[in-house]
Amino acid sequence: MHPIEASDPAVWKTILAERKRQQTGLEMIASENYTSPAILAAQGSVLTNKYAEGYPGKRYYGGCEAVDEVELLAIERACKLFGAEAANMQPHAGASANMAVYFAALQPGDTIVAMSLAHGGHLTHGMHLNFSGKLYKVHHYGVRKDDERLDLDQMESLCREHKPKLVVAGASAYSRVIPFDQISEICKRHGAMLMVDMAHISGLVAGDQHPSPVPWADFVTSTTHKTLRGPRSGFVLCKKDWLPKINQAVFPGLQGGPLMHVVAAKALVFQEAMQPAFRAYAAQMVANARALAHELLEQGFRLVSGGTDNHLVLVDVNAAGLSGKVAEKALDHAGITVNRNGIPFDTRPPLDPSGIRIGSPALTTRGMNETQMRQIARWIGSILKAPADTTLQAKIRGEVDELCKAFPAPHEHA
Ligand SMILES: *Cc1c(COP(=O)(O)O)cnc(C)c1O
């Protein structure tokens with residue numbers, strides 16, 4: 001009997017149900033993935049018992065020899081994998097990594113230029129209800145109306161007008177390459193620092209499928225659980241000179257003790273991402289998203305920016321007469337999990353926007369390739385063309401089950 005089952009059947013039941021959902025459904029939320037069994041196990045290890053406030057060699061607790069070593073491994077591997085000068089491995093999440101950079105580089109009231117949430121940015125890039133929108137003066141750039149690609153002219157004119165201390169680049173729902181070199185030029189011309197939040201694309205950067213921001217940015221932040229396929233967490237990369245300030249911002253600035261079981265899992269994922277197999281994985285994520293995009297276009301759907309260069313597509317379902325909410329629900333009935341999402345210049349409300357975001361990371365981890373992507377895109381097409389047809393949804397649900405059996409999810413433990 002599993003120790004969780006023995007100790008608490010009610011909680012165990014929820015874990016089994018979620019495991020079953022992850023095994024029997026098509027997980028196409030662009031920010032989700034399946035970690036390796038080793039990474040799952042590290043997070044369930046005894047390292048969770050250890051307090052380690054401070055940094056390797058400078059802790060506020062005794063008994064930190066082993067966790068010092070694992071944190072140093074994580075730092076060293078992250079720097080090697082991304083070609084960075086320095087790193088902080090302690091942020092609990094992507095949001096805390098961003099907070100750490102803001103606390104290190106800015107004073108409350110300082111000015112930031114960042115991508116608008118409505119055009120694909122993130123809450124922590126200055127949304128009014130988020131700490132970032134409350135503490136700083138934020139001016140948002142977006143994409144151009146005609147081709148729905150990053151509007152660098154708008155970014156530059158905002159810099160000219162508002163003289164930001166920091167420009168933030170990076171997105172949660174943008175399917176095209178982000179030109180960090182050009183953004184860095186804009187920052188230099190206007191005396192701004194550059195932070196790149198590569199949360200969504202860090203696995204593509206690690207696997208050489210997207211240009212790296214590291215040579216161009218003063219700070220690079222990321223999650224570890226999206227395309228990078230690690231534990232649910234975050235980290236900061238920076239130039240050497242900035243490390244003391246970043247470290248101080250994370251601890252004692254915004255956190256207490258680090259999650260050493262998660263730091264160990266980060267050390268594992270950086271090692272995994274250095275293997276040739278990970279590069280192949282990253283390339284397949286992009287190939288799969290592209291196959292999905294092609295087939296959806298064939299089916300007559302409108303994609304934001306007309307396609308994809310990375311691991312996700314944003315479908316304008318409003319153009320097909322649906323809302324994002326209706327589309328999300330209809331697909332869910334067939335075992336296809338996506339999330340509704342705003343599209344640039346959306347005319348519908350945020351809770352029921354015009355788009356759905358579809359990603360390839362998790363299904364690529366299951367070993368699926370372009371053949372399965374085209375099949376799935378045809379299923380998505382037929383469901384969205386008849387969103388009230390529950391008989392069709394049930395029929396496809398059966399086919400989804402078969403496909404999932406042929407490509408098992410990598411779960412050995414709960
Ligand atoms: C997912 C994401 C984050 C936040 O990560 P959390 O771990 O959920 O805090 C930050 N920035 C971007 C661009 C993201 O996509």
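A helix in these views is a DSSP run of H or I with at least four residues, a strand is a run of E with at least two, and both are numbered from the N terminus. The model is predicted, so to speak of a local feature requires a pLDDT of at least 70 and a side-chain atom pair counts only at pLDDT 80 or more, whereas totals for chains, interfaces and linings use all residues. Residues are numbered from 1 along each chain as its sequence is written, and side-chain values use heavy atoms, with hydrogens and water left out.

View 1. Pro252 belongs to helix H10, which covers residues 243-254. For comparison, most peptide bonds are trans, and most residues other than glycine have a negative phi.

**View 2. Asp208 and Phe345 are shown for their backbone angles.** Asp208, although not a glycine, has a positive phi of about 60°, and its place is in the loop between helix H9 (202-206) and strand E9 (219-223). Phe345 is likewise not a glycine and has a positive phi of about 60°, and it is found in the loop that joins strand E14 (339-341) to strand E15 (355-359). With a relative accessible area of 36%, Phe345 is partly exposed, a class that lies between buried (under 20%) and exposed (over 50%), using a 1.4 Å probe and protein chains only.

**View 3. Asn130 is a buried loop residue.** Asn130 sits in the loop between strand E5 (111-115) and helix H6 (131-135), and it counts as buried because its relative accessibility is 15%. Leaving aside neighbours within four places in sequence, Asn130 is in contact (heavy atoms within 4.5 Å) with Leu123 and Thr124.

**View 4. The largest nonpolar core has 60 residues.** Such a core is a set of buried Ala, Val, Leu, Ile, Met, Phe, Trp, Tyr and Cys residues joined through side-chain atoms within 4.5 Å. Phe82, Ile183 and Leu237 have the most contacts inside the largest core. Domain 1 (40-273) and domain 2 (276-406) both give residues to this core, so it lies between them. Apart from it lies another core, of 35 residues, among them Leu322, Val400, Leu403 and Phe407.

**View 5. Phe82 is shown with its partners.** When neighbours within four places in sequence are left aside, the residues in contact with Phe82 include Met198, Ser202, Val205 and Ala206. Phe235, Leu237 and Phe270 are also among the contacts of Phe82.

Note on methods:
Domains from an automatic or database assignment.
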